[in-house]
Amino acid sequence: MRGHNPEWDNLPRRKCDDCGKSYKPKQPLKKDQRGFCSDNCRKSYHKHGGAYRKLKVEVEKLVNRRMLEIKAGLYT
C-alpha cells in the first residue's frame, strides 16, 4: 500500500471472499481483485482454489435435504 487517501476512511464494509465475514477494507478493490478479512483467509482461498466456499454451501444443502428425507421417513 503506497499511501493512504483520506476518502478511503469512508469505504463501506464488505464480505470476505473466503469466509463471508464482514470487514472494513483499507483501500478500494481494483477490477478483478478479491477482498479478504485476513491473511489466513487469503491463503486459504488460494490454497483451495476458491472452491471451498462453494463446496461448503453445496454440502450443507445436500445434508439438509437428506436430513429432511430421514425425518419424513421416521414419522410416517
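Q: Let's start with burial: how much of the protein's 76 residues counts as buried?
A: Buried means under 20% relative accessible area, exposed means over 50%, and partly exposed lies in between (1.4 Å probe, protein chains only). Here 14% of the 76 residues count as buried. Please keep in mind that this is a predicted model, where local features need pLDDT of at least 70 and side-chain atom pairs count only at pLDDT 80 or more, while totals for chains, interfaces and linings use all residues. Residues are numbered from 1 along each chain as its sequence is written, and side-chain values use heavy atoms, with hydrogens and water left out.

Q: Which secondary structure elements does the protein have, and in what pattern along the sequence?
A: Helices (H or I, at least four residues) and strands (E, at least two) are DSSP runs, numbered from the N terminus. This protein has two strands and two helices, following the pattern β-β-α-α along the sequence. In residue numbers, β1 covers 14-15 and β2 covers 22-23, helix α1 spans residues 39-47, and helix α2 spans residues 51-74.

Q: What share of the contacts joins residues at least 24 apart?
A: A contact means heavy atoms within 4.5 Å. Among contacts between residues at least 6 apart in sequence, the share that joins residues at least 24 apart is 16%.

Q: How many disulfides are there by the distance rule?
A: A disulfide is a covalent bond between the sulfur atoms of two cysteines. The rule used here asks for a pair of cysteine sulfur atoms within 2.5 Å, and the count comes to zero. C16 is in no disulfide, as its nearest cysteine sulfur, that of C19, is 3.8 Å away. The sulfur of C19 has its closest cysteine sulfur in C41, at 3.7 Å, which is too far for a bond.

Q: Are C16 and C19 buried or partly exposed?
A: C16 is buried, at 1% relative accessibility, whereas C19 is partly exposed, at 43%.

Q: Where is D18, and which side chain does D18 contact?
A: D18 sits in the loop between β1 and β2, and with a relative accessible area of 12% D18 is buried. A polar contact is a pair of N or O atoms within 3.5 Å; within protein, one must be able to donate a hydrogen and the other to accept it, and residues adjacent in sequence count only if both atoms are side-chain atoms. The side chain of D18 makes such a contact, of 3.5 Å, with that of S44.

Q: How many salt bridges does the rule give?
A: Side chains of opposite charge can pair when their charged atoms come close. The rule asks for a side-chain nitrogen of Lys or Arg within 4 Å of a carboxyl oxygen of Asp or Glu, and the count comes to four. One of them joins D39 and R42, with the closest N and O atoms 3.5 Å apart; both residues lie in helix α1, three residues apart, about one turn of the helix. In helix α2, K61 and E58 are likewise three residues apart, and their salt bridge is 3.9 Å, N to O. E69 and R66 also lie in helix α2, with 3.2 Å between their closest N and O atoms.

Q: Which residues form the nonpolar patch on the surface?
A: Patches are made of residues with over 30% relative accessible area and no salt bridge: like charges are joined within 9 Å, nonpolar side chains (Val, Leu, Ile, Met, Phe, Trp, Tyr) within 5 Å. Here L55, V59, V63, M67, I70 and L74 form the patch, with about 530 Å² of accessible area together. Accessible areas come from the Shrake-Rupley method with a 1.4 Å probe; for residues, only the protein chains shown count as cover. One of the members, V63, is in helix α2 and is partly exposed at 44% relative accessibility.
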